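Have a look at the structure first.

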Amino acid sequence: MRFPGYPFTPQRFDVRPGIAMSYLDEGPRDGEVVVMLHGNPSWSYYWRTLVSGLSDRYRCIVPDHVGMGLSDKPDDRPTAAPRYDYTLQSRVDDLAALLDHLGIDGPMTLAVHDWGGMIGFGWALAHADQVKRLVILNTAAFPMPAAKAMPWQIALGRDYFVGELVIRGFNAFSAGASWLGVQRRMPADVRRAYVAPYDSWRSRISTVRFMQDIPLAPGDAAWPLLEAAGEALPSFADRPAFVGWGLKDFVFDRHFLERFRADLPQAEVHAFDDAGHYVLEDKHEVLVPQIRAFLDRHPLARGGGTSPGAAG
């Protein structure tokens with residue numbers, strides 16, 4: 001299946017027994033590594049313009065999280081085989097497995113959006129020394145700010161009956177995000193590409209499990225990991241950080257942006273009044289050159305990124 005603006009060749013590997021992860025590995029193998037992590041309900045397609053803008057020089061690694069995009073979409077019922085737990089910890093473990101598979105054990109850039117922030121900074125708790133640059137787009141790496149009210153759409157999605165019915169039965173989250181996540185209307189073929197992987201009840205399992213796993217209080221399973229990531233965030237203030245933000249995002253709004261500003265006071269911040277949650281859709285003509293220039297200005301030490309003989 002071909003998707004507009006996505007001329008890449010996805011690769012696959014068994015991230016767990018019987019469960020394959022799809023991922024992009026584009027660009028020169030000796031190039032500086034940029035790991036791009038998507039959120040929910042998107043997939044690696046979200047990063048396509050940045051991959052195209054960087055992969056002549058940079059090695060771009062972009063996974064589809066299990067249950068998302070072109071990756072396998074296993075069930076989580078106790079009797080399922082293979083079975084997958086759709087939790088934040090599972091996502092962090094999967095990322096570690098992918099990077100180990102590719103031999104990425106040296107300096108790299110972490111680029112995150114939406115849930116990708118929680119996954120990426122969760123992974124970085126044990127790999128902070130590898131993360132030399134940050135690219136942060138409408139995301140979080142800490143619990144919801146106290147001043148932020150819970151959006152009703154998120155509360156609905158977390159409901160184990162209503163959310164399951166609406167999201168899995170009608171693809172409400174993925175389809176809705178393709179309309180509500182942007183200020184500039186997506187072309188119809190691009191919108192179809194966003195929702196294409198989620199074409200049945202079975203294939204939408206991850207879009208609802210992501211929402212049900214959002215940690216809002218200490219009793220939630222993902223809370224300790226997210227809280228630890230938030231506590232560690234200021235320790236990344238000593239390395240270059242680029243923040244691109246769509247201010248029309250109804251979830252990751254100014255409250256989240258201000259937390260990143262406070263914890264990463266030296267970050268280069270570009271905030272847009274006329275962009276939404278999918279800020280790379282609304283502003284890729286501006287953001288891709290800006291991110292490219294940011295990376296070029298802050299080169300990594302040579303010799304990092306891949307181990308000799310690493311898988312490709």
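Start with Thr-139, which is found in strand β6 (residues 131-139); helices (H or I, at least four residues) and strands (E, at least two) are DSSP runs numbered from the N terminus. This is a predicted model, where local features need pLDDT of at least 70, side-chain atom pairs count only at pLDDT 80 or more, and totals for chains, interfaces and linings use all residues. Residues are numbered from 1 along each chain as its sequence is written, and side-chain values use heavy atoms, with hydrogens and water left out.

Is Thr-139 buried or exposed? Thr-139 is buried, at a relative accessible area of 0% (buried is under 20%, exposed over 50%, partly exposed in between, with a 1.4 Å probe and protein chains only). A polar atom of its side chain sits 2.4 Å from the backbone oxygen of Asp-114, and the side chain also reaches the backbone nitrogen of Gly-117 at 3.1 Å. Leaving out residues up to four places away in sequence, Thr-139 touches (heavy atoms within 4.5 Å) Asp-114 and Gly-117, and its other contacts include Trp-245, Phe-252, Phe-256 and Phe-260.

His-38 is another one to click on, in the loop between β3 (33-37) and α1 (48-54). His-38 is buried too, with a relative accessible area of 0%. Its contacts, again not counting residues up to four places away, include Trp-43, Trp-47, Asp-64, His-65, His-113 and Trp-115.

A cavity is a set of points on a 1 Å grid over the protein atoms alone where a 1.4 Å probe fits but cannot get out; lining residues have an atom within 4 Å of a point. Points are joined across faces, edges and corners, and a volume is the space filled by probe spheres set on them. There are two cavities of 30 Å³ or more.

| Cavity | Volume | Lining residues include |
|---|---|---|
| Largest | about 40 Å³ | Met-21, Leu-37, Pro-63, His-65, Arg-91 |

Helix α2 (residues 88-101) gives the largest share of the largest cavity's lining, three residues. For the second largest cavity, α2 and α8 (205-212) each supply at least two lining residues.

On confidence, pLDDT is the predictor's score for each residue, from 0 to 100. The protein's mean pLDDT is 90, and 87% of its residues reach 70 or more. Over residues 303-312 the pLDDT is below 50, and this stretch has 26 contacts in the model beyond near neighbours in sequence.

How values were computed: Polar contact = N/O pair within 3.5 Å; in protein donor to acceptor, adjacent residues only side chain to side chain. 1 Å grid on protein atoms, 1.4 Å probe; cavity = no way out; pocket = protein on both sides within 12 Å on 5 of 7 lines; lining within 4 Å.
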